[in-house]
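Thanks for making the time this morning.

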Amino acid sequence: MNRTTLSLIAAATALAAVTGFASLSAPADADATAAGTVARLPVERTSQLCPAPSVSDVAETTYTSVTPTGKGGADSEPAADAGGSAELRESTVTLAEPGGTDDDKDDKKEDDKKEEEKQDDAAKGSASEGKPFVTLKEPGTPVSAESSGANSPALVGTATGRLAPGWTTQQTTTVSVGGARGLLGMTCTAPDTDFWFPGASTERSRQDYVHLTNPDDTVAIADIELYGPDGALKSETGEGIPVPARSSVPVLLSTLTGEAAPNVTVHVSTRAGRVGAAVRAADEAGGSDWLTASGTPAGSVVLPGIPADATDVRLVVLATGSADADLKVQLATPDGTITPAGHESLHVKSQMTAALELGDITKGEPGSLVLTPSGSAAPVVAALRVVRGKGEKREIAFIPATAPIASRATVADNRAKGSTLSLTAPGAAAKVKVTSSPGTEGGEATVETYDVKARSTLAVTPKAPAGLKGAYALTVEPESGGPVHAARTLALPEDGIAMFTVQTLPDDRGTVSVPRAEEDLSVLDNGK
């Protein structure tokens, strides 16, 4: 290696710290790590995108934003005088024009027109592009902002410096009446080029919109593919959807195909630019919530945080590759992992969506679903549709498969009552540190440590900050043992309806692994 190459390594180190475009996994060369030639640095810039929260006139939305304190897996904390900013700004909502609908959808035109009129009203209400909406001042203390009605905007934001590592924002919306009734919650997403959403639907009883949000100054071009039980659904309008700069585009899934399917997997990819993506699902008989993306396709997946009182659970899985997937289905309970009677396995054909009705699988105890290959591993994505309550009191939420926490994960907008934290150790036992931040209006942080038994789920009511005022954030950090998957359930019952939402906690990607730029590697110079 010559000195020119060394200078490129130094440049790559700086670039990775700014962009976060570096591996979060352990280096392949363990000797290099031991020798100290690889450093883990805090990222110096990160982005978030929040879709327009609702089209209901009675919607009440709270945004809670926070950057956790501490190293978060880095070799050192960001310097206290490093400066930085974190701010979410309003963006424009632009209606998509995916083309005409099939003749057999004529009876839906009037309903769709009314829904689009509401979306248009939302677009007009957020026309003041670039207006600051949520501004974070310092790490460790969350801030919140509120918005009401159908005109709440989509938000685009960036954090830099010491406010970048682990920055997260929770969007929580309460809709008390109407077809979109429910508690809709999501962690605002990072922009990317590829997303999978098992658990969507194109049947008449559902109004599912995929929201595409572009954070950049140039147009993004997105493709939307739909996969049903027999493979890809026929669509001539899901390709080449333009998403204008710093704008959000909602697309009604049922306008992309003439096939009504109760269980659909949505694949969003971009051919130009990048977007944030999420699906807002509304069930006319069961409320509404956000369906966020499943984790990266994998042979084994974990879906954490099924509430103890779930009355109906449906598993939806897609095999993303060219091979079929044969999966073993298990439930990680507080006392260990069991195999649900009658639901021991699931066969998923290549690029087809399979569903498994699990009913009231938790039987009064919290749990998490664990899917592992029963033969050769094939990559899958998965999500759960979870129901609490019965009849007119039904309320839905979604739990996508999520990767284990590598170093740290944070979820914001926890209240004095109503939060449940689920920690799942699908393999070896684990010890986990949980920090409750100060509240948005006051309080002192508290720290608790939990032991999660091997192959089990531990559901706890987190300890609130001392003197809590407002909402607070939970930061989860595995300290020892096996991998840990986590989810937070926020329950805010209203008028006898068990309104709830579940957010999984993937790693916050607050660090990057890079070569140490200061290392003297001249000994590797072979003179060429």
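First, the ground rules. This is a predicted model, where local features need pLDDT of at least 70, side-chain atom pairs count only at pLDDT 80 or more, and totals for chains, interfaces and linings use all residues. Residues are numbered from 1 along each chain as its sequence is written, and side-chain values use heavy atoms, with hydrogens and water left out.

Start with the cysteines. Taking a disulfide as a pair of cysteine sulfur atoms within 2.5 Å, a search of the whole structure gives one. The partners are Cys50 and Cys188, with sulfur atoms 2.0 Å apart. Cys50 belongs to strand 2 (residues 45-50), while Cys188 is in the loop between strand 9 (182-187) and strand 10 (194-200), so the bond links distant parts of the chain, 138 residues apart. Strands here are DSSP runs of E, at least two residues, numbered from the N terminus. The torsion about the S-S bond of Cys50 and Cys188 is about 110°, which makes the disulfide right-handed. Both cysteines, Cys50 and Cys188, are buried, meaning under 20% relative accessible area with a 1.4 Å probe, protein chains only.

Next, the aromatics. Rings of Phe, Tyr and Trp (its six-membered ring) pair if their centres lie within 6.5 Å; planes under 30 degrees apart are stacked, over 60 edge-to-face, and the rest tilted. That rule gives three aromatic pairs. In one of them, Tyr63 and Phe133, the ring centres are 5.2 Å apart and the planes stand at 80°, so this pair is edge-to-face. Tyr63 is in strand 3 (residues 60-66) and Phe133 in strand 5 (residues 132-136), 70 residues apart. Both Tyr63 and Phe133 are buried. For Trp196 and Tyr227 the centres are 6.2 Å apart and the planes at 35°, so that pair is tilted. Trp196 is buried at 10% relative accessible area, and Tyr227 is also buried, at 9%.

Last, strand 37. Is this strand enclosed or open? All five of its five residues, 500-504, are buried, so strand 37 is largely enclosed by the rest of the structure. Phe500, Val502 and Thr504 cover one side, and Thr501 and Gln503 the other. In a regular strand the side chains alternate between the two faces of the sheet. Strand 36 (residues 485-491) runs antiparallel to strand 37, joined by five bridges; two strands pair if DSSP finds at least two. Leu490 stands opposite Thr501.

How values were computed. Buried means under 20% relative accessible area, exposed over 50%, partly exposed in between (1.4 Å probe, protein chains only). Helices (H or I, at least four residues) and strands (E, at least two) are DSSP runs, numbered from the N terminus.
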